[in-house]
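These are my notebook entries on a structure that I looked up for the first time. I record each topic in turn.

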Amino acid sequence: MCIEIFCFFIFVNIAFFCCLFVYTVFRFEKLYGGKVYVGLRIPDADTGSRQNVDMALVTEGDAVVISVKNLSGTVSSGIVSLKSGSWNCESGNKHQTERLPDPVMETKKQASILESYLEQRGVALPEGYFSCKVVLPNPNLRDFPFDVITYNQWVQQKPEPNSMFSGRLNGASRGGKKEMPESLHQKLNFILRTAPMWDRLELEGNKYVLGEFLEFKGELADIWALKNIKRSKVSHLIIKNISLFGSTLQVLYSPRDYRSEGTSDSEWKKVTVRSSTEVFFRLENSTKVRKSKLSSIISLSLTA
C-alpha cells in the first residue's frame, strides 16, 4: 500500500469556514474510507517550533495532509499569478490585490517536516512516497498551475474506499511502488493518533473550533466537581442536558489511554454541574480567548 501525502489548501469565504471544515472531514472519510486526524501540530526539529496541519487522512493506500485557509471575495480567472514565491490574488468585488505565500511551496515544507517526524518515531517511508497537491474547492478560483487540483475535479469524485487518491485525480497508476505492510500502516495510524494536536471544541450547529483548552470557570462547587478533567488524564468529554429547564448538565469524560483508540461504555465517568459553567479556550494561532457556556458545547477533545 503505497503512501502518498497530498496537501490541500482550501480557500473559502470566512462565513462558511465552520461548515466547510465539517464537510471536508466527512467527505474525505466517505470518499476513501479512511481516518481523518484533525489539528496536528508536528514538531519541526530545525526551528524548534510546530508545523500546523489542519487534517491528515490515512487510508489503506494513501496518507493525505489537508490544510484549510480562508480567502474572502471572488477571484476571477487569470487574476491569480505566481510571482517570486507568492500568489497575487485580486478580489473581483473590491479590485484589491492580496499577496499570499505560495501554497505549493508551503505544503512541500509541511510534507518534509511530517516525513522527518515519522522517521523520528520509527516509520521510514521510501523516497518519493511524499508528494504535494493543492485542492481549491471554490468554483470561483480557476486557471491554476499543474500542481493545483480544480473545483470540478474535487466535486466529481465518487465514494470508492481503498482507492488510491492520487491516481483517481490524475489518472496515474501506482507506478510500481511496493505496498506498505499492514504493520507499518497500523503504526502510521498510531503515530498520528498520538501526535501533538490542537484541542478541538465542538459547538451546536456542527461548528468546530481548534485551539487550546485553558480552564473551567464558574461556581466553586462546579469547579471542584470538574477537578479531575485535566489533559494528562482525560482525552474527551461530552456534554448532556439532564434537567427539564436546562439548569444542570452532565459532563461525561473518558480517561486517556494510548493503548487503545476507543473507550468502552464502562470506562466513561460523569459529573453534574450548572449549565452556566464556562469553558475558556484560546483560539488556534491567536492570543484571543473564547468563553463558551457548557450549554452551547457538544464535546471537547484534549490532546496530551
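I began with V123, which lies in the loop between α2 (103-120) and β8 (134-135). The model I am reading is a predicted one.

Setting aside neighbours within four places in sequence, I listed L118, L184, K187, L188 and I191 as the contacts of V123. I also noted H185, which is 62 residues from V123 along the chain. The C-alpha atoms of V123 and H185 are 9.3 Å apart.

Next I turned to the sheet. I found an open sheet of eight strands, paired antiparallel, in the order β14-β13-β12-β17-β10-β11-β15-β16. At its edges are β14 (269-274) and β16 (289-293), each of which pairs on one side only. From one strand to the next, I noted an average twist of 35°. For background, I wrote that the strands of a sheet pair through backbone hydrogen bonds, in either a parallel or an antiparallel way.

I went through several of the pairings separately.

How many bridges join β10 to β11? I recorded five between β10 (residues 199-203) and β11 (residues 207-217), and the two strands run antiparallel. Within this pairing, R200 has L210 of β11 as its bridge partner. The two strands form a hairpin with three residues between them, and there I noted G205, whose phi is positive, near 85°.

β11 is also joined to β15 (residues 278-283), by six bridges and again in the antiparallel sense. Which residue of β15 stands opposite E212? My entry is R282.

For β12 (residues 234-241) and β17 (residues 297-301), I recorded three bridges and antiparallel pairing. Here L237 is opposite L300 of β17.

I recorded one aromatic pair in the structure. Such a pair of rings is described in general by the distance of the centres and the angle of the planes.

Definitions and conventions
Residues numbered from 1 in each chain as written. Predicted model: local features only at pLDDT ≥ 70, side-chain atom pairs only at ≥ 80, totals over all residues. Heavy atoms only, no water. Phe/Tyr/Trp six-rings, centres within 6.5 Å; stacked < 30°, edge-to-face > 60°. Pairing = 2+ DSSP bridges. Helix = DSSP H or I, 4+ residues; strand = E, 2+ residues; numbered from the N terminus. Axes fitted to C-alpha atoms, helices over the stretch in contact; angles between N-to-C directions. Contact = heavy atoms within 4.5 Å.
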